[in-house]
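Open the model in your viewer and keep the sequence alongside. This tour says what to select next and what is there.

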Amino acid sequence: MTNHKTFLLGVVAGVFSLTASAQVKFSAKIANKPADTIYVKSRGFSQMIVADKKGHFNATFKVTDGMFKLEVDEQYADIYLTNTSDLQVNLDYKDFDNTISFKGKGAKENTFLAAEMLKQADQTAFEPMMKAENLEILTSEVAKYKETIFAALPKDLDAGFVAKYKGDVEKGMKGMIDYLSAGFELKKLNGTPSPTFKYENHKGGVKSLEDLKGKFVYVDVWATWCGPCRQEIPFLQKTETAYHGKNIEFVSISIDEQKNHDKWSKFVTEKNLGGIQLLADKDWKSDFVQGYKINGIPRFILISPEGKIVNADAPRPSSPELVTLLDSLVK
């Protein structure tokens, strides 16, 4: 009996040892890398990985199984990791979303996530939800979208990943309903005097809404950390060019925290952002932001030359509806 007990205890101890020592094995090769450090992050977790002499990134670390963000300077990708993952990442920073690829254990799940990120960059799938006129229609369109997403899940993905992914989609869609249903209340603001602003101007001094009286004002409320906000920037730049010299000003109000002032300023400069670039004084708690009941970004707003709200939840620059709206008003 003693020998059997000793044997069993040894087996148990060995299994425990293997479990306790299990760690993520992670490596990345990044062409045109902008820095020698990258990060794997989630809420309450941050793993910095420093490039070796060959410029490659290699690390082993423990995680709680789930979704993480791979941050490479100003770009990021959603990734799924467990302590059994052995993941190799390849990408070109200059074409981040289109070049990211995966090999090793966990590649199937992360390849699926990367493909979904590309799909979501195309706002077309969200248009039926964005156009919903009441909560009943919105809820129905969200249900259809979820069904489409879940039906697209490959059958051979890790069960833990599928459960986590479906849970995140459910949370995201609940947030979508909360965000868009708030828009039904926002319509009541249309035609009323706009809340005002007077914020720091990236070009120097301050700029207020009153300074722009006599012109339409298209406002983009955004932040440097907001992925969907950054996706709209190229479309906003094209819109600014198309309406240059007409009776409209384009104002971008960042709600980055004041402690990230330099990050905001550097981003505006390096990305050569046009229009009037302002930094709100108290991020989410700024009077203008609260006056428009903004609890999610990006938010776009159109204000009349008289300072009244034309649309408190205006179409995004990427939406063809914005051109239709502006062409009907701006001369």
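Buried here means under 20% relative accessible area. The model is a predicted one.

**Stop 1: helix H3**

Start with that cut-off in mind and select helix H3. Its buried residues are Ala107, Glu109, Asn110, Phe112, Leu113, Ala114 and Glu116. Color the surroundings next. Those buried residues pack against E5, E6, strand E7 (86-92), strand E8 (101-105), H5 and H6. Now check the length. H3 has 15 residues, and its first and last C-alpha atoms are 21 Å apart, close to the 21 Å expected at 1.5 Å a residue.

Zoom in on Asn110, which sits in H3. Why does Asn110 count as buried? Its relative accessibility is 0%, and the cut-off for buried is under 20%. Show its polar atoms. One polar side-chain atom of Asn110 lies 2.6 Å from the backbone nitrogen of Tyr80. Which residues does Asn110 touch, not counting those up to four places away in sequence? They are Asp78, Ile79, Tyr80, Leu87 and Phe102.

**Stop 2: helix H6**

Select residues 159-186, helix H6. At 1.5 Å a residue, its 28 residues should span 40 Å. The end C-alpha atoms are 41 Å apart, which agrees.

Look at the N-terminal end. Asp158 caps H6 there, with a side-chain oxygen 3.0 Å from the backbone nitrogen of Gly160.

Now show the buried side of the list. The buried residues of H6 are Phe161, Val162, Tyr165, Val169, Met173, Met176, Ile177, Tyr179, Leu180, Gly183 and Leu186. What covers them? The cover includes strand E5 (66-72), strand E6 (75-81), helix H3 (107-121), helix H4 (127-130), helix H5 (135-151) and strand E14 (299-303).

**Stop 3: the nonpolar cores**

In soluble globular proteins, nonpolar side chains tend to be buried together. Select Phe197, Val219, Val251, Ile253, Phe288 and Tyr292. These have the most contacts inside the largest nonpolar core, which has 34 residues. The elements giving two or more residues to this core are strand E11 (216-222), helix H7 (227-242), strand E12 (248-254), helix H8 (261-270), strand E13 (276-279), helix H9 (287-291) and E14. Which element gives the largest share? E11 does, with 4 residues.

Center on Tyr292. Leaving aside neighbours within four places in sequence, Tyr292 is in contact with Leu186, Leu189, Ser194, Pro195, Arg299, Ile301, Ile303, Ile309 and Ala312. Leu186 is also on the buried list of H6.

Then move to a second, separate core. It has 27 residues, including Phe26, Val40, Val72 and Phe96.

**Stop 4: the disulfide**

Show the cysteine side chains. How many disulfides are there? The count is 1. Cys226 and Cys229 form it, with their sulfur atoms 2.3 Å apart. The link of Cys226 and Cys229 is right-handed, with 80° about the S-S bond. Are these cysteines buried or exposed? Both Cys226 and Cys229 are buried.

**Stop 5: salt bridges**

Side chains of opposite charge can pair when their charged atoms come close. The whole structure holds 17 salt bridges. Visit three of them.

- Select Asp36 and Lys33. Their closest N and O atoms are 2.5 Å apart. Asp36 is partly exposed at 43% relative accessible area. Lys33 is partly exposed too, at 29%.
- Select Lys188 and Glu185. Their side chains meet at 3.1 Å, N to O. Lys188 is exposed, with a relative accessible area of 60%, whereas Glu185 is partly exposed at 41%.
- Select Glu257 and Lys259. The N to O distance in this salt bridge is 3.5 Å. Glu257 is partly exposed, at 36%. Lys259 counts as exposed at 69% relative accessibility.

**Stop 6: a buried glycine in a loop**

Finish at Gly55. Where is it? Gly55 is in the loop between strand E3 (45-50) and strand E4 (57-61). Gly55 is buried, with a relative accessible area of 16%. Gly55 and Ala35 are 20 residues apart in sequence and 9.7 Å apart in space, C-alpha to C-alpha.

Notes: Residues numbered from 1 in each chain as written. Predicted model: local features only at pLDDT ≥ 70, side-chain atom pairs only at ≥ 80, totals over all residues. Heavy atoms only, no water. Disulfide = S-S within 2.5 Å. Buried < 20%, exposed > 50% of the residue type's maximum accessible area, 1.4 Å probe, protein only. Expected span 1.5 Å × (residues − 1). Contact = heavy atoms within 4.5 Å. Polar contact = N/O pair within 3.5 Å; in protein donor to acceptor, adjacent residues only side chain to side chain. Core = buried A, V, L, I, M, F, W, Y, C linked by side-chain atoms within 4.5 Å. Salt bridge = Lys/Arg side-chain N within 4 Å of Asp/Glu carboxyl O.
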